[in-house]
Amino acid sequence: MNRLSSRHILSISDLGQKDIELILDTADSLSQILTRPIKKAPPLRGRTIVNLFFEPSTRTRLSFELAAKRLSADTVSVSAAASSVVKGETLIDTAKNIEAMRPDVVVLRHPCSGASHLMARYMERAAVINAGDGMNEHPTQALLDLFTVKRHLGRLSGLKVAIIGDIAHSRVAHSDIRAFAKMGADVFVSGPATMFPSQVEALGATVVLRPEDAIKEADVVMALRIQKERQGRSLIPGVREYASVYGLTSERLKLARPGAIVMHPGPVNRGVEIAPQVQDGPFSVILDQVTNGVAVRMAILSLILPETV
Amino acid sequence: MRPIFLQNLRILDPETRLDVTGDILIMDGRIAAIGDEISPPDDVRMVDCSGMWAAPGLMDMHVHLREPGEEYKETIETGTLAAVAGGFTAVASMPNTNPVNDTSAVTRFVIERAISAGYASVYPVASITKGLKGKELSEFADLMGAGAVAFSDDGYPVSDPGMMRLALEYAKGLGALIISHAEELALSSGGVLNEGRISTILGLKGIPSAAEDIAVFRDVCLAEFTGARLHIAHVSTIGAVQIIRQAKAMGVKVTAETAPHYFSLTEEAVLGYDVNAKVNPPLRTEEDRLAVIDGLRDGTIDVIATDHAPHSILEKEKEFETAANGMIGLETALPLALELVRAGVLTPLELIRRMSLNPRKILGIQGGRIKPGGAADLCVIDPEAMFVVNRENLRSRSLNTPFLGKTLKGRAVLTVSCGKIVHNLLW
Ligand SMILES: [Zn+2]
Ligand SMILES: [Zn+2]
């Protein structure tokens with residue numbers, strides 16, 4: 001059985017091209033389970049997966065839970081309100097305590113960048129999957145995005161990917177840029193300059209100020225969610241202006257290559273990042289992303305727990 | 001104490017620019033003689049120090065000793081023990097203790113604790129504003145009367161420029177020195193490392209170098225305007241070095257220090273979310289590092305200070321964003337600074353000037369000399385000695401240094417403070 005080169009999934013940087021291909025191929029075969037009437041297979045029976053969410057996220061959590069259940073693993077979910085963090089337990093103590101209960105995988109969502117790296121350092125047996133750490137990364141989302149693009153366009157290498165919006169604060173963007181670049185796509189980012197991280201090129205993207213330049217000839221156009229307030233400051237004068245300059249309208253989408261697909265990591269601010277007719281239009285694969293999330297997470301879980309597959 | 005005869009040392013005295021090879025005789029806690037024609041008394045302890053240097057006891061003008069209030073991180077005793085192990089016989093301690101050193105009682109307490117510990121002298125820096133709150137001036141004259149050598153709200157900037165102006169004007173009347181922790185909070189707040197390539201790679205909010213540059217420029221302007229004496233703490237950016245260089249050329253009474261980590265490390269040291277490399281100001285880029293080195297070379301930066309900031313694992317072993325700022329530095333400063341000599345940036349004499357004489361001059365403290373007749377206050381440095389930075393070798397109560405586990409080259413092998421041997425690896 002093939003294995004991933006990394007024990008944990010903390011960052012796209014930990015995965016090689018081969019790892020990513022393996023995940024996508026595995027997801028492809030596992031996705032068939034999802035179309036059967038009885039959506040359950042036995043490979044992870046007896047395995048325990050802890051979903052540890054220090055930040056609310058209905059979709060990612062549900063996606064991981066369904067992925068685990070489809071493969072017959074036992075899952076336990078802990079959310080921030082119920083967690084002992086509110087009682088002052090440190091993340092390291094939480095890690096040690098969870099490890100002491102012998103789970104196989106810990107899926108961690110945490111508001112601090114690097115939290116999953118910290119937790120992984122204290123995990124001797126269990127694998128850690130980063131389900132979003134601060135504004136750093138969300139690697140499984142990037143993998144499901146790759147999977148979605150590959151399904152629709154047949155390849156990743158040589159594609160032009162445009163990502164529009166708040167690049168600086170989007171962990172999805174941080175992982176997506178790395179992932180698409182790693183698989184040979186050309187990634188262009190655009191948005192208000194207040195929403196660029198400094199030296200974004202370090203992640204593997206080219207910055208263009210005008211969104212039209214990013215969208216032009218693009219095979220994939222991804223809009224990111226705008227979070228209006230950051231550190232008490234708005235990074236943009238207003239959503240109306242944002243929608244008019246950076247919003248993904250049908251007009252702008254015409255600049256893209258024929259057959260280009262439209263993506264969004266969700267949840268969408270309707271009418272801000274994407275015009276409603278584009279969001280619900282024929283090129284949108286936004287709901288496919290959600291569906292594919294389960295298959296990709298099934299693949300990831302089975303690959304980091306390979307012995308029983 | 002038996003007289004000590006140190007033979008064949010390179011003797012460095014920056015005040016007189018003395019740089020000769022010779023012997024030093026220490027008797028009754030005093031430097032009895034220097035030179036190559038000393039006839040030692042009979043019962044003397046002869047020590048061959050070939051290849052080693054003798055320098056005035058080093059002075060670190062920027063340390064956090066944590067006592068009173070956070071003795072679990074460091075005490076005046078453990079901090080001064082770390083100091084002498086690093087070759088320092090004097091340190092200036094920052095006022096952000098609990099309670100804050102904003103009253104003469106705290107100032108006197110710090111001095112007395114240091115005297116009873118008996119390792120290095122501690123010169124307290126009192127706060128500029130009461131409680132470090134930036135609202136009301138501390139009682140400068142009273143604090144100076146108790147022994148405060150300078151004023152700083154270190155840990156925080158004095159954010160209100162009007163308050164900084166007042167502090168400088170009031171200090172000028174008393175001949176006091178204001179030490180600026182230069183940081184524009186409106187730009188830096190929320191940031192946890194340098195803003196740049198690494199902050200993007202790690203997905204953490206950065207602190208732009210402009211946050212330091214603007215604050216340094218503001219304080220330099222105010223120093224020029226008021227005519228007061230200003231010292232800029234922990235310079236870390238290319239912009240700050242340039243502003244200070246220009247201000248000095250214009251005759252502004254400004255001095256500056258940097259810390260060894262700013263000329264030894266770059267922002268890359270935090271990769272892997274290494275909280276031990278989390279400091280404020282943050283580690284910067286290679287370009288900034290080289291500018292800091294240039295500032296040391298041409299004298300723009302007068303002093304190498306450590307900003308020794310001990311923290312226990314309680315504050316450090318956690319998420320990078322919430323971990324405390326600061327690293328210990330007293331015991332790694334000399335080996336790191338010796339790299340500058342090995343790289344040809346500074347002569348040994350100029351290095352010692354920045355670590356011994358200049359801090360004392362800036363703070364108005366006697367000493368920093370090697371001369372016959374004075375109380376022996378010196379360190380012997382073996383520039384070739386290798387040592388591993390680890391729990392066994394460190395005297396500080398805390399272990400927060402990114403150099404943990406690393407082998408460094410060069411260290412103090414003998415420290416004599418006020419005539420007393422306080423650190424000795426020679427015999
Ligand atoms: Zn400071
Ligand atoms: Zn400090």
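Start with the two metal ions. The zinc ion (ligand 1) and the zinc ion (ligand 2) are 3.6 Å apart. B:Asp154 coordinates both. Bear in mind that you are looking at a predicted model.

**Stop 1: the zinc ion (ligand 1)**

Select ligand 1 and show the side chains around it. Which residues coordinate this zinc ion? They are B:Asp154 (OD), B:His181 (ND1) and B:His234 (NE2), at 1.9 to 2.1 Å. Along the chain, these donors follow the spacing D-x26-H-x52-H.

Now pick out B:Asp154 and B:His181. The two link distant parts of the chain, 27 residues apart. B:Asp154 sits in the loop between E9 and H4 of chain B. B:His181 sits in the loop between strand E10 (177–180) and helix H5 (185–188) of chain B.

Are these two buried or exposed? B:Asp154 is buried, because its relative accessible area is 3% and the cut-off for buried is under 20%. B:His181 counts as buried too, at 6% relative accessibility.

**Stop 2: the zinc ion (ligand 2)**

Move to ligand 2. Its protein donors are B:His62 (NE2), B:His64 (NE2), B:Asp154 (OD) and B:Asp307 (OD). They lie 2.0 to 2.2 Å from the zinc ion (ligand 2). In sequence, the donor residues are spaced H-x1-H-x89-D-x152-D.

Check the angles next. Among the four donor atoms they run from 84 to 172°, and the site is irregular.

Then select B:His64 together with B:Asp154. B:His64 lies in the loop between strand E6 (58–63) and helix H1 (76–85) of chain B. B:Asp154 lies in the loop between strand E9 (150–152) and helix H4 (161–174) of chain B. The pair therefore ties together parts that are 90 residues apart in sequence. Both B:His64 and B:Asp154 are buried.

**Stop 3**

Leave the metals and turn to charged side chains. Side chains of opposite charge can pair when their charged atoms come close.

Select B:Glu339 and B:Arg342. Their side chains meet in a salt bridge, at 3.3 Å from N to O. Both residues lie in helix H12 (residues 333–342) of chain B. They are three residues apart, about one turn of the helix. B:Glu339 counts as partly exposed, at 42% relative accessibility. B:Arg342 is also partly exposed, at 34%.

Switch to chain A for a network. Salt bridges that share partners join A:Arg210, A:Glu212, A:Asp213 and A:Arg252.

**Stop 3: A:Arg257 and its partners**

Select A:Arg257 and A:Glu217. The side chains meet in a salt bridge (4.0 Å, N to O). This pair links distant parts of the chain, 40 residues apart. A:Glu217 is in the loop between helix H7 (211–215) and strand E8 (220–223) of chain A. A:Arg257 is in the loop between helix H9 (250–253) and strand E11 (261–263) of chain A. A:Glu217 is partly exposed, with a relative accessible area of 43%. A:Arg257 is partly exposed as well, at 35%.

A:Asp219 is in the loop between H7 and E8 of chain A, 38 residues from A:Arg257. Is A:Asp219 buried or exposed? A:Asp219 is buried, with a relative accessible area of 8%.

Conventions. Residues numbered from 1 in each chain as written. Chains lettered and ligands numbered in written order. Predicted model: local features only at pLDDT ≥ 70, side-chain atom pairs only at ≥ 80, totals over all residues. Heavy atoms only, no water. Helix = DSSP H or I, 4+ residues; strand = E, 2+ residues; numbered from the N terminus. Buried < 20%, exposed > 50% of the residue type's maximum accessible area, 1.4 Å probe, protein only. Donors = N, O, S within 2.8 Å, 3.2 Å for Na, K, Ca; no water. Tetrahedral: all angles 85-135°; square planar, octahedral: opposite > 155°, others 65-115°.
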